[in-house]
Each structure stands twice: as C-alpha cells, then as structure tokens.
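The following exercises are to be worked with the sequence and the model in view. Each task is followed by a solution in steps.

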Amino acid sequence: MTEQEWLHALPEPMLEFLRDRAGTRRLRLVALACCRSVWDLLPHPSSRRAVELLEEYADQQTITDLEWRTFRALAYQG
C-alpha cells in the first residue's frame with residue numbers, strides 16, 4: 001500500500017493491512033488519529049478530553065484507570 005493509497009483508504013482495508021504489522025499501541029494511535037480527523041465534530045469538551053487522555057495512555061504517560069473510566073463515562077454522556 002502506497003502513502004497515497006493510505007491517505008485515501010477506507011478504514012477497513014487500512015486496519016486489515018495493519019492486522020499483523022502493528023501492535024496494540026499503534027492500533028490505538030490509528031484510532032486516535034481517526035478521532036483527531038473529526039475533532040471539530042466532537043461536540044462536548046469531555047469527548048475531546050477523553051481523546052486526549054487516550055493519547056496519554058497510548059504514550060504510557062500517567063493516567064489512572066479511575067481517570068480513564070471517569071472521562072470515558074463523561075464522553076458517552078456528551
């Protein structure tokens with residue numbers, strides 16, 4: 001898959017391409033990049049904060065399970 005194909009691809013073939021090539025962290029980062037691509041469509045600040053917390057989690061920065069569960073619940077409410 002070329003870079004040009006990647007940039008214009010649908011998510012399913014992209015994820016299939018990554019299936020045996022990417023670890024959990026990389027797959028999380030792909031999902032977060034998708035969230036960032038629709039950032040303006042996230043209507044509630046808690047939804048955006050949940051994405052930011054997941055980015056921290058993916059980068060193994062400090063975030064507790066309780067923090068994640070709290071913001072996740074808020075994101076679903078927003």
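**Exercise 1: A charged pair and its exposure**

Arg19 counts as exposed, because its relative accessibility is 53% and the threshold for that class is over 50%. The model under study is predicted.

Task: Determine which residue forms a salt bridge with Arg19, and classify the exposure of Glu16.

Solution. Step 1: The salt-bridge partner of Arg19 is Glu16, and the closest N and O atoms lie 3.0 Å apart. Step 3: Glu16 has a relative accessible area of 47%, so Glu16 is partly exposed.

**Exercise 2: The remaining charge pairs**

Task: State how many salt bridges the structure holds, and describe the pairs made by Glu55 and by Arg49.

Solution. Step 1: There are four salt bridges in the structure. Step 2: One of them joins Glu55 to Arg36, with 2.8 Å between the closest N and O atoms. This pair links distant parts of the chain, since Glu55 belongs to helix 4 (residues 45-58) and Arg36 to helix 3 (residues 24-37), 19 residues apart. Arg36 is partly exposed, with a relative accessible area of 36%. Step 3: Arg49 and Glu56 meet through their side chains in a salt bridge of 3.6 Å, N to O. Through shared partners, salt bridges join Arg49, Glu52 and Glu56 into one network. Step 4: Both ends of the Arg49 pair are partly exposed, Arg49 at 29% relative accessibility and Glu56 at 23%.

**Exercise 3: Core and fold**

Task: Identify the residues of the largest nonpolar core and the contacts of Leu32 beyond four places in sequence.

Solution. Step 1: The largest nonpolar core has five residues, namely Leu32, Trp39, Leu42, Val51 and Ala58. Step 2: Leaving out residues up to four places away in sequence, Leu32 touches Val51, Leu54, Glu55 and Ala58. Step 3: The secondary structure consists of five helices and zero strands. Of the 78 residues, 18% are buried.

**Exercise 4: A residue in helix 2**

Task: Is Glu12 buried or exposed, and how far apart in space are Glu12 and Ser37?

Solution. Step 1: Glu12 is placed in helix 2 (residues 11-18). Step 2: Its relative accessibility is 58%, so Glu12 counts as exposed. Step 3: Glu12 and Ser37, 25 residues apart in sequence, are 16 Å apart in space from C-alpha to C-alpha.

Methods:
Residues numbered from 1 in each chain as written. Predicted model: local features only at pLDDT ≥ 70, side-chain atom pairs only at ≥ 80, totals over all residues. Heavy atoms only, no water. Core = buried A, V, L, I, M, F, W, Y, C linked by side-chain atoms within 4.5 Å. Buried < 20%, exposed > 50% of the residue type's maximum accessible area, 1.4 Å probe, protein only. Contact = heavy atoms within 4.5 Å. Helix = DSSP H or I, 4+ residues; strand = E, 2+ residues; numbered from the N terminus.
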